Protein chains: 2
Amino acid sequence: MLGRVNHIAIAVPDLSAATATYRDVLGAKVTAPQALPEHGVTVVFVDLPNTKVELLEPLGDASPIAAFLGKNPGGGMHHICYEVADITAARDRLVAGGARVLGDGNPKIGAHGKPVLFLHPKDFYGTLIELEQV
Amino acid sequence: MLGRVNHIAIAVPDLSAATATYRDVLGAKVTAPQALPEHGVTVVFVDLPNTKVELLEPLGDASPIAAFLGKNPGGGMHHICYEVADITAARDRLVAGGARVLGDGNPKIGAHGKPVLFLHPKDFYGTLIELEQV
């Protein structure tokens, strides 16, 4: 069921500084920041040969990463996104296996314009998992 | 400088249960557990089309992941490993850029038999970064 790792998301308190670190210190290719107010984040992608890292900074008053940064003020790894071919079939299999889907259990349109789901980190050893239909 | 994401490491308190979750609930291909007493961990790889997830369970009294699991008893994302072509050149560039290398600053032979370094998470927004020369 799990396909490619689409991205690894890292929440950071200062996107501009983090982008400079990935570009100048780590020597990676980074994109321009994209504000996604409907998702409560501003995003920069670090392009790697086989996948990407997504640097996330809170945007607005109800950012979904605000609580995480409250607990981890310096930033930290936030979630892993895996690609799936059929998100509804994946959801049904996961729920049958006892996993909890966050929210109302139905796929939403994610930050990349594709259907996504988030799975409860307590069911996956502390890792927040996003599934994205590609 | 940064090449492929070689793996994303997840520390878990119960490797057998976590392996079953990745295999049976998430439908991923997993390897048999490998005990690496010289690295203080037992490892299972989750093979994905473009990279792998490394599930780590502490092994022995001086496991390098014991403190992390003390703080995160349910488990959690532990580090990201990026491939580099020349680990000494990478180290020199990082140190010149102000980043701190853990330990004595010299590459060690890692769990995959290749030279590795770990970078201080405080210099990278809370993410522990491993570099592996491939």
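Student: Which residue lies over the face of B:Phe45?
Tutor: That is B:Lys52. It sits 5.6 Å from the ring centre. Keep in mind that this is a predicted model.

Student: And in chain A, what lies over the face of A:Phe45?
Tutor: A:Lys52 does, at 5.6 Å from the ring centre.

Student: How many aromatic pairs are there over all chains?
Tutor: Zero, by the rule used here.

Student: Switching to the interface. How many residues of chain B are in contact with chain A?
Tutor: 44 residues of chain B, and they meet 44 residues of chain A.

Student: What area do chain B and chain A bury between them?
Tutor: About 3,400 Å². Carbon and sulfur atoms account for 67% of that.

Student: Which three residues of chain B supply more of its buried area than any other three?
Tutor: B:Leu26, B:Met77 and B:Tyr125. Together they supply 25% of the area that chain B buries against chain A.

Student: How many salt bridges between the chains, and how many residue pairs in polar contact?
Tutor: There are zero salt bridges between chain B and chain A. Polar contacts link 16 residue pairs, both residues at pLDDT 80 or more.

Student: Which elements of chain B give two or more residues to that side?
Tutor: Strands S1 (5-11) and S6 (76-84), plus helices H1 (15-25) and H3 (87-96).

Student: Which one gives the largest share?
Tutor: H1(B), with seven residues.

Student: How do the residues on that side of chain B divide?
Tutor: Into 26 nonpolar, 13 polar and five charged.

Technical notes:
Residues are numbered from 1 along each chain as its sequence is written. Chains are lettered from A and ligands numbered from 1 in the order in which they are written. This is a predicted model: local features need pLDDT of at least 70, side-chain atom pairs count only at pLDDT 80 or more; totals for chains, interfaces and linings use all residues. Side-chain values use heavy atoms; hydrogens and water are left out. Contact means heavy atoms within 4.5 Å. Buried area is the accessible area (1.4 Å probe) that two parts lose on being put together, summed over both. A salt bridge is a side-chain nitrogen of Lys or Arg within 4 Å of a carboxyl oxygen of Asp or Glu. A polar contact is a pair of N or O atoms within 3.5 Å; within protein, one must be able to donate a hydrogen and the other to accept it, and residues adjacent in sequence count only if both atoms are side-chain atoms. Helices (H or I, at least four residues) and strands (E, at least two) are DSSP runs, numbered from the N terminus. Ala, Val, Leu, Ile, Met, Phe, Trp, Tyr, Cys and Pro count as nonpolar, Asp, Glu, Lys and Arg as charged, and the others, Gly among them, as polar. Rings of Phe, Tyr and Trp (its six-membered ring) pair if their centres lie within 6.5 Å; planes under 30 degrees apart count as stacked, over 60 as edge-to-face and the rest as tilted. A charge sits over a ring if NZ of Lys or CZ of Arg is within 6 Å of the ring centre and within 35 degrees of the ring normal.
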